Amino acid sequence: MRAALDDLVTRRLAGRAAVPAFTCYGADTALAVVNAAEALGLPVILLVAPSSAGADTGPRLIRILRAIADDSAVPVCVQLDHAKDTALIRSAIAAGADAVLADGSHLPPGENAAFVRQVHEFAAPRGVVVEAELGSVPGAEDHASAHAADDAVKTDPALVRAFLAESGARLLACGVGNVHGRYRGTPAIDWPLLARVRTEAGPVPLVLHGASGLPAADLRACGAAGVGKVNVNTELRTAMLAAAEDRLGPARAAGEDMLTFTRSVLAAATGVSREVLRTLSGS
């Protein structure tokens with residue numbers, strides 16, 4: 001069943017838990033993620049990277065993920081991630097995305113808020129929930145380069161309240177020592193800063209990007225800290241590629257055995273999804 005992003009996240013936060021959002025580059029990954037969620041009876045978010053959404057097959061991928069979400073036994077939301085282009089956002093909404101991250105984090109705060117407000121004005125009437133990002137999370141969503149938290153511009157709590165009022169964002173991604181890709185050095189979430197951002201954000205749920213590589217204890221603490229959505233990409237890709245590397249030779253030797261090869265790769269994705277789902281639920 002499909003679910004609205006803000007409702008989904010708010011419900012989980014009421015139980016001091018968070019919802020994981022997994023980047024899906026194809027339907028196979030989405031099926032593995034949803035299978036894990038159904039086995040645990042937990043909601044999940046399927047993310048579409050702008051690199052995938054902007055391709056010729058992007059709208060079709062979103063429609064396929066919507067169909068998977070509709071068929072799911074648990075609440076599932078389909079979201080366009082990190083979109084900086086209004087044309088791409090409009091295309092994703094037309095294809096059926098339930099939510100979008102209108103990413104103006106590269107802009108000054110006022111221009112960022114204006115960009116998000118522009119998206120909100122055409123997305124909200126379609127029932128599409130808009131997430132925003134204030135501050136910057138270093139790294140790229142599609143590549144696992146190593147970055148240090150010092151590379152980031154952390155979210156300034158003093159800007160949060162006005163930014164949310166001006167932008168109309170229903171969720172807020174923040175920079176509190178998290179990075180996209182791999183962490184250089186030991187990950188260190190700035191929990192006091194996160195608490196200040198949480199206070200200023202009021203009822204708006206926070207989002208943590210770059211969860212791959214964070215200690216399980218940090219992930220378990222997210223829900224209680226007001227972080228209702230946690231994005232995972234690198235960890236999922238790493239497991240799938242490792243399984244593919246491990247099974248490629250045996251699959252060729254077994255007569256181009258695609259079935260076993262594919263099942264092995266998807267089993268790796270399901271395993272990562274299951275572990276993250278359990279951790280963010282506090283179990």
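Modeller: Happy to, and keep in mind that this is a predicted model.

Biologist: How many salt bridges does the count come to?

Modeller: The count comes to 8 salt bridges. Side chains of opposite charge can pair when their charged atoms come close.

Biologist: What makes the contact of Arg170 and Asp6 a salt bridge?

Modeller: The rule asks for a side-chain nitrogen of Lys or Arg within 4 Å of a carboxyl oxygen of Asp or Glu. For Arg170 and Asp6 the N to O value is 2.8 Å, so the pair meets the rule.

Biologist: Now to the strands. Why is S4 said to pair with S5?

Modeller: Pairing needs at least two bridges between two strands. S4 (residues 99-102) and S5 (residues 129-134) are joined by 3 bridges, so they count as a pair. These two strands run parallel, and Leu101 stands opposite Glu131 in S5.

Biologist: What do the strands close into, and in which order?

Modeller: 8 strands close into a barrel, in the order S1-S2-S3-S4-S5-S7-S9-S10, with parallel pairing. From one strand to the next, the twist averages 30 degrees.

Biologist: Which strands does helix H6 lie across?

Modeller: Helix H6 (residues 109-123) lies across S3, S4 and S5, and runs at about 175 degrees to S5. Helix H11 packs on the sheet too, touching S1, S2 and S10.

Biologist: What volume does the largest pocket have, and which residues are closest to its centre?

Modeller: Its volume is about 210 Å³. There are 13 lining residues, and Asp28, Thr29, Met240, Leu241 and Val265 are the closest to the centre.

Biologist: Which helix gives the most to that lining?

Modeller: Helix H10 does, with 5 residues. H2, H10 and H11 each supply at least two.

Biologist: How do the lining residues divide by type?

Modeller: They divide into 8 nonpolar, 3 polar and 2 charged.

How values were computed: Residues are numbered from 1 along each chain as its sequence is written. This is a predicted model: local features need pLDDT of at least 70, side-chain atom pairs count only at pLDDT 80 or more; totals for chains, interfaces and linings use all residues. Side-chain values use heavy atoms; hydrogens and water are left out. On a 1 Å grid over the protein atoms alone, a cavity is a set of points where a 1.4 Å probe fits but cannot get out, and a pocket is an open set with protein on both sides within 12 Å along at least five of seven lines; lining residues have an atom within 4 Å of a point. Grid points are joined across faces, edges and corners, and a volume is the space filled by probe spheres set on the points. Helices (H or I, at least four residues) and strands (E, at least two) are DSSP runs, numbered from the N terminus. Ala, Val, Leu, Ile, Met, Phe, Trp, Tyr, Cys and Pro count as nonpolar, Asp, Glu, Lys and Arg as charged, and the others, Gly among them, as polar. Axes are lines fitted to C-alpha atoms, for helices over the stretch in contact, and angles run from 0 to 180 degrees between N-to-C directions. Contact means heavy atoms within 4.5 Å.
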